[in-house]
Amino acid sequence: MALFLFLATVLAAWPQPRSEEAGALDFLNDRLYIPDSERFSDADYIDSGVGLTFGVDRRLSYASGNYEEAAARFEEAIQRYRYRSEIWVFLARSYYHMKAPDRARQTLEQAAEVMPDLRERLWTPLLKGLLQEIRRRAENLQVQVDYYTLGPDDYLSLFRLYLFAEEYRGASGVIAGAEARARRTADLAGTLTGEGHRRALAEVNRWHALAGQFRAELALRGISVPADSTVNDSLAASPGPAPDAELLEQVRLLQLKVIFYPATPGDYQRLFTGLLALGREEQAATVVRFLDEEIARTRLQLETAATLQQEGEFQAALDTLSRLRERLQAALPGQDSTAHAPP
């Protein structure tokens with residue numbers, strides 16, 4: 001009966017098929033014709049040497065599936081010559097394959113600022129095509145979540161895809177799925193004793209907290225999803241002292257700000273410190289990854305700065321973020337300041 005109710009909930013939240021959006025370009029079609037901007041100069045492009053390196057990097061890195069290396073190479077190419085629209089397109093595709101759709105979108109949006117003459121012909125249709133690919137990926141991952149035992153990271157990935165595509169009905173279904181996992185685990189905890197019981201209760205907390213995080217993120221977009229109170233008794237039985245309620249709320253708000261809004265270095269620092277104070281070392285490590293993303297965005301802004309003043313501002317911001325990243329990485333238990341450093 002429980003399985004039937006869970007499947008019914010998921011099917012009710014399943015997004016309805018959508019037709020192809022008018023005017024969209026096939027975002028992942030590597031053979032797609034990419035027009036040049038009126039700002040493109042063949043002579044300057046040849047003199048920069050970017051044409052040769054881009055061709056090599058496209059074959060050796062991108063075509064071989066080494067998308068992180070490809071993205072780094074394409075970013076260097078843009079710094080040397082930024083009016084070759086094809087490089088921006090393949091940089092955005094590299095980010096998509098790295099499961100970073102927000103960075104892919106930001107790349108296309110920034111390209112539209114650099115080459116506005118291609119906005120209607122290329123950048124806007126590619127953004128529509130990117131959205132369609134995100135919807136397809138969400139549908140595929142939804143099938144896996146429904147029929148296989150996947151972990152919280154997969155639920156998080158699916159929820160992020162739905163948010164990106166603004167498929168809020170599907171996002172609500174992910175919340176229902178996470179809470180269903182919490183209920184099933186709570187039922188299992190009732191059959192266990194000792195250490196097994198404590199581990200099961202901790203898992204209940206994890207799924208319930210994940211659903212709460214998703215619900216809060218939807219609330220920021222004006223969408224209310226009623227909370228599930230059926231696992232509250234299990235949560236109350238969780239071992240260990242209760243965390244400070246005020247600190248929990250501060251951390252929750254900082255997480256939302258870091259994910260969805262412009263955040264200051266102080267926000268990253270306070271979030272990191274708060275998570276460590278709550279004993280959430282794994283989540284504290286994600287703050288460093290968020291910083292890596294912000295560093296990459298700032299570096300791209302620096303490389304495409306239009307004026308010397310902007311270049312100085314972006315360089316100062318990049319230096320501040322890089323120093324903060326080193327401090328936070330060094331503060332993680334068992335880590336050093338160079339581990340997983342961004343390119």
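Me: What covers the buried residues of α15?
Reply: In this predicted model, the cover includes α13 (265–277) and α14 (281–303).

Me: Which residues of α15 are buried?
Reply: L318, L321, L324, R325, L328 and Q329.

Me: How does the span of α15 compare with what its 24 residues should give?
Reply: Helix α15 covers residues 308–331, and at 1.5 Å a residue it should span 34 Å. The end C-alpha atoms are 35 Å apart, which agrees.

Me: Back to the cover. Where is T298?
Reply: T298 sits in helix α14.

Me: Is T298 buried or exposed?
Reply: T298 has a relative accessible area of 3%. The cut-off for buried is under 20%, so T298 counts as buried.

Me: What is T298 in contact with, leaving aside neighbours within four places in sequence?
Reply: F314, A317, L318 and L321. Of these, L318 and L321 are also among the buried residues of α15.

Me: Other topic: α7 and α8. How do their axes cross?
Reply: The axes of α7 (residues 119–147) and α8 (residues 152–164) come within 9 Å, with a crossing angle of roughly 150°. Angles over 145 degrees count as roughly antiparallel, so that is what α7 is to α8.

Me: Left-handed or right-handed?
Reply: The crossing of α7 and α8 is left-handed.

Me: Which residues make the contact?
Reply: From α7, the contact uses L130, L131, I134, R137, A138, L141, Q142 and V145. From α8, it uses D154, Y155, S157, L158, L161, Y162 and F164.

Me: And how many of those are nonpolar, polar and charged?
Reply: The contact of α7 with α8 has 11 nonpolar residues, two polar and two charged.

Me: Buried or exposed?
Reply: E166 has a relative accessible area of 54%. Exposed means over 50%, so E166 is exposed.

Me: What about K99, what is its phi?
Reply: K99 is not a glycine either, and has a positive phi of about 60°.

Me: Where does K99 lie?
Reply: K99 is in the loop between α5 (85–97) and α6 (101–114).

Me: And is K99 buried or exposed?
Reply: K99 is at 65% relative accessibility, so it counts as exposed.

Conventions
Residues are numbered from 1 along each chain as its sequence is written. This is a predicted model: local features need pLDDT of at least 70, side-chain atom pairs count only at pLDDT 80 or more; totals for chains, interfaces and linings use all residues. Side-chain values use heavy atoms; hydrogens and water are left out. Axes are lines fitted to C-alpha atoms, for helices over the stretch in contact, and angles run from 0 to 180 degrees between N-to-C directions. Helices (H or I, at least four residues) and strands (E, at least two) are DSSP runs, numbered from the N terminus. Angles under 35 degrees count as roughly parallel, over 145 as roughly antiparallel, 65 to 115 as roughly perpendicular and the rest as oblique. A crossing is left-handed if the near helix is turned anticlockwise from the far one by less than a right angle, and right-handed if clockwise. Contact means heavy atoms within 4.5 Å. Ala, Val, Leu, Ile, Met, Phe, Trp, Tyr, Cys and Pro count as nonpolar, Asp, Glu, Lys and Arg as charged, and the others, Gly among them, as polar. The expected span of a helix is 1.5 Å times one less than its number of residues. Buried means under 20% relative accessible area, exposed over 50%, partly exposed in between (1.4 Å probe, protein chains only).
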